[in-house]
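Subject: Structure handover

Dear colleague,

Please find the structure below. My notes on the sheet, the helix packing and the salt bridges follow.

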Amino acid sequence: MLKKYSLFFLTVVPVLLIDQITKTLVHTRMALYESRPVIEGFFSLTYIRNPGAAFGFLAGAAPLYRSLFLIAVTLVAMTLILLYLGKSRKEPPLLIFSLALILSGAAGNLIDRIRFGEVIDFLDLYIGAYHWPAFNVADSAIS
């Protein structure tokens, strides 16, 4: 039982810290919409804010509705993960690790939604004019 919780928290804490540190660095050292190429023609650090969820889902919804809905859904998901973890007797370490990644990513984006009303994204992958939607460490953990 202790091993399960140790793995969970040894995953959640560093991922959440890395997410928040990288977002803070971007927020404090870059202007909104500023882009800095890392690998020309493929990868840049580009500071944007996403008011919606994945791929801009609900970005056009009324701000109060969007915020309340996304915060509520995130809290429900995090609660379900914690309830599952608490009730399960013995789960494979890979499942515990995966749930910890999802929870840490959800928590990282939840912090942004509460602080800013939107999520800081900055990892910008592209080939020429073809861009993948910008994302962050929390999104990577959830994926």
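The sheet is open and has four strands in the order 1-2-3-4, with antiparallel pairing. Strands pair here if DSSP finds at least two bridges between them; strands (E, at least two residues) and helices (H or I, at least four) are DSSP runs, numbered from the N terminus. At the edges are strand 1 (35–39) and strand 4 (130–131), each of which pairs on one side only. Strand 1 runs antiparallel to strand 2 (residues 43–50), and four bridges join them. Phe 43 in strand 2 is the bridge partner of Ile 39.

The model is predicted: local features need pLDDT of at least 70 and side-chain atom pairs count only at pLDDT 80 or more, while totals for chains, interfaces and linings use all residues. Residues are numbered from 1 along each chain as its sequence is written, and side-chain values use heavy atoms, with hydrogens and water left out.

Helix 1 (residues 2–29) packs on the sheet and touches strand 1, strand 2 and strand 3 (119–127), contact meaning heavy atoms within 4.5 Å. The direction of helix 1 makes about 90° with that of strand 3. Axes are lines fitted to C-alpha atoms, for helices over the stretch in contact, and angles run from 0 to 180 degrees between N-to-C directions. Helix 3 (residues 93–116) lies across strand 2 and strand 3, at about 120° to strand 3.

Next, the helix pairs. The axes of helix 1 and helix 2 (residues 63–87) come within 10 Å and cross at roughly 155°. These two helices are therefore roughly antiparallel (angles over 145 degrees). Lys 4, Tyr 5 and Phe 8 of helix 1 meet Ile 81, Leu 82, Leu 85 and Gly 86 of helix 2. By class, the residues of this contact are five nonpolar, one polar and one charged (Ala, Val, Leu, Ile, Met, Phe, Trp, Tyr, Cys and Pro count as nonpolar, Asp, Glu, Lys and Arg as charged, the others, Gly among them, as polar).

Helix 2 and helix 3 pack at about 155°, with axes 10 Å apart, and are therefore roughly antiparallel too. Their contact includes Leu 70, Ile 71 and Thr 74 of helix 2 and Leu 95, Ile 96 and Arg 113 of helix 3. Its residues divide into 17 nonpolar, one polar and one charged.

A search of the whole structure finds four salt bridges (a side-chain nitrogen of Lys or Arg within 4 Å of a carboxyl oxygen of Asp or Glu). One of them joins Asp 19 to Lys 23, with the closest N and O atoms 3.0 Å apart. Both residues lie in helix 1, four residues apart, about one turn of the helix.

Regards

Definitions and conventions: Angles under 35 degrees count as roughly parallel, over 145 as roughly antiparallel, 65 to 115 as roughly perpendicular and the rest as oblique.
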